[in-house]
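Subject: Structure handover

Hello,

Please look through it first; my notes on what was found follow below.

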Amino acid sequence: MSEPQLTADAVDYMTDTRPIAEGPAGPGCAKRDPIVVADDVSRRFGGITAVDVEHLEIPRHKITALIGPNGAGKTTLFNLLTGFDTPNSGTWQFEGTNLEGMSSYKVARLGMVRTFQLTKVMGKLTVLENMRLGASAQPGEKLRNALFQGIWGKREKDITAQADVLLAKFKLDTKRGDYAASLSGGQRKLLEMARALMVNPKLVMLDEPMAGVNPALTQSLLDHIKNLKAEGMTVLFVEHDMQMVRHIADWVVVMAEGKVVAEGPPAEVMRDQAVIDAYLGAHHDVDLGAAGGVQELEEVLAADEESVVGTEDAGILSEESVLSEDSEILAVRPPDDEDDDGDGTRERRTGRRAADSPPDVVPGTSHDSRED
Ligand SMILES: Nc1ncnc2c1ncn2[C@@H]1O[C@H](COP(=O)(O)OP(=O)(O)OP(=O)(O)O)[C@@H](O)[C@H]1O
Ligand SMILES: [Mg+2]
């Protein structure tokens with residue numbers, strides 16, 4: 001990716017202070033320049049209404065945090081918007097294009113990509129091969145063609161060149177030939193993000209990009225997210241860590257029990273009674289907007305097991321990561337429905353760390369651990 005090119009009347013997205021909402025902030029409020037507009041999107045699982053969003057607009061060129069307690073429907077909403085799941089009702093547009101019924105491949109090719117709460121890199125492929133898959137969300141292309149027969153000619157070279165630029169940027173270039181399984185959980189998150197960028201997206205949706213990542217890599221991930229915006233992309237990310245949300249989000253959307261219950265700039269939203277109610281239940285005495293309020297909230301939650309909002313990503317590489325030769329190219333597709341890997345909701349609750357996932361290391365200090 002190149003540095004942002006600013007012409008005389010171009011907007012520097014990092015310093016653009018124009019209002020994000022058209023009028024007052026609040027659930028479902030209209031945005032000055034929305035990239036996604038969703039209406040009446042609902043998804044039920046048996047008796048549970050996981051998502052019931054009346055109206056939602058995601059502002060273009062901004063970093064929007066989607067927050068809410070466990071089970072609020074954040075991942076399900078991601079799955080619906082990106083074509084990985086089918087809603088019971090609803091319509092939504094990306095840059096004015098109706099996405100209803102569109103496959104995840106096509107959504108990605110339009111420029112709307114997402115990463116998963118449980119990282120989905122292919123452990124038995126190398127880092128570079130994973131990157132190349134990211135560029136190959138093309139119906140009908142077979143994995144073996146893409147990877148082993150070299151039939152792409154110039155396109156293949158271009159893809160490799162683009163992958164190398166991104167790998168260098170994400171400090172994964174020294175791991176280029178290593179199996180993805182040898183990466184730490186944090187490095188897998190970086191790889192998944194880098195791979196998503198292979199389609200030159202306009203909107204990048206990250207489901208808990210920081211969860212389970214060693215603090216040594218957290219800052220690097222935050223910088224990458226800010227860079228996406230600097231380069232003109234729009235970011236929508238799910239995050240439980242309020243400090244992080246306050247640090248990088250321009251706008252915050254709060255979900256609870258499937259609905260959008262609050263929206264606004266971070267500082268305002270964290271003072272919102274609906275947000276405090278959603279997170280705290282009985283603990284109404286904490287002011288998220290006050291100095292120390294967020295910390296106080298986290299302390300209260302830590303002491304109250306039923307209110308735990310943190311999520312650890314196990315960085316698990318599932319059996320599905322083992323590709324058969326005939327696999328369709330999967331780009332960023334999760335396994336099928338019953339396998340909860342698709343939304344990360346089941347394994348996540350165990351909060352465990354994968355035994356086969358090496359601990360995070362600061363880039364450049366790790367040893368090459370490829371097992372051939
Ligand atoms: N495939 C599924 N089958 C049945 N129920 C599901 C499925 N996926 C999600 N749910 C339920 O839908 C609700 C919303 O889940 P979802 O994973 O979207 O929440 P979330 O906000 O992402 O939570 P977390 O912060 O824990 O990741 C939950 O009650 C969850 O148990
Ligand atoms: Mg989730």
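**The sheet**

Six strands form an open sheet in the order β6-β7-β8-β3-β9-β10, and their pairing is mixed. The edges are taken by β6 (112-114) and β10 (259-264); each has a single partner strand, so one side of each is left without a neighbour in the sheet. From one strand to the next the twist averages 20°. Please keep in mind that this is a predicted model.

At the β6 end, β6 and β7 run parallel and are joined by three bridges. One pairing to look up is that of M112, whose bridge partner in β7 is L203. Helix α7 packs on the sheet, where it touches β3, β7 and β8, and its direction makes about 150° with that of β8.

**Helix α7**

Helix α7 covers residues 215-230, which is 16 residues. At 1.5 Å a residue it should span 22 Å, and the 23 Å between its end C-alpha atoms agrees with that.

Which residues of α7 are buried? They are L217, L221, H224, I225, L228 and K229. Seen down the helix axis, these buried residues fall within an arc of 145°, so they line one face of α7. On the face turned away from the buried side are the exposed residues P215, Q219 and D223.

The partners of the buried residues of α7 include strands of the sheet, namely β3 (63-67), β7 (203-207) and β8 (234-238), and also the helices α6 (185-196) and α8 (242-248). After α7 comes G232, with a positive phi near 100°.

**The protein as a whole**

There are twelve helices and ten strands in the protein. Of its 372 residues, 45% are buried. Taking contacts between residues at least 6 apart in sequence, 71% join residues at least 24 apart.

The largest nonpolar core has 85 residues, and A194 and V254 have the most contacts inside it. Leaving aside residues up to four places away in sequence, V254 touches I67, G68, V260, V261, A262, E263, V269, V275 and A278.

P59 lies in strand β2 (residues 48-59). Is P59 buried or exposed? It counts as buried, because it has 21 C-beta neighbours inside 10 Å and the cut-off for buried is 20 or more. Residues up to four places away in sequence aside, P59 touches I20, K31, D33, P34, T64 and W251. P59 and L236 are 177 residues apart in sequence, but their C-alpha atoms are 9.2 Å apart in space.

Most residues other than glycine have a negative phi. H61 is not a glycine, yet its phi is positive, at about 65°. H61 sits in the loop between β2 and β3 and is partly exposed, with 19 other C-beta atoms within 10 Å. E95, also a residue other than glycine, has a positive phi near 50°. Its place is in the loop between β4 (89-94) and β5 (97-98). With 16 C-beta neighbours inside 10 Å, E95 counts as partly exposed.

Regards

Methods
Residues numbered from 1 in each chain as written. Chains lettered and ligands numbered in written order. Predicted model: local features only at pLDDT ≥ 70, side-chain atom pairs only at ≥ 80, totals over all residues. Helix = DSSP H or I, 4+ residues; strand = E, 2+ residues; numbered from the N terminus. Expected span 1.5 Å × (residues − 1). Buried ≥ 20, exposed ≤ 12 C-beta atoms within 10 Å, placed from the backbone. Arc of directions from axis to C-beta. Contact = placed C-beta atoms within 7 Å. Pairing = 2+ DSSP bridges. Axes fitted to C-alpha atoms, helices over the stretch in contact; angles between N-to-C directions. Core = buried A, V, L, I, M, F, W, Y, C linked by C-beta atoms within 7 Å.
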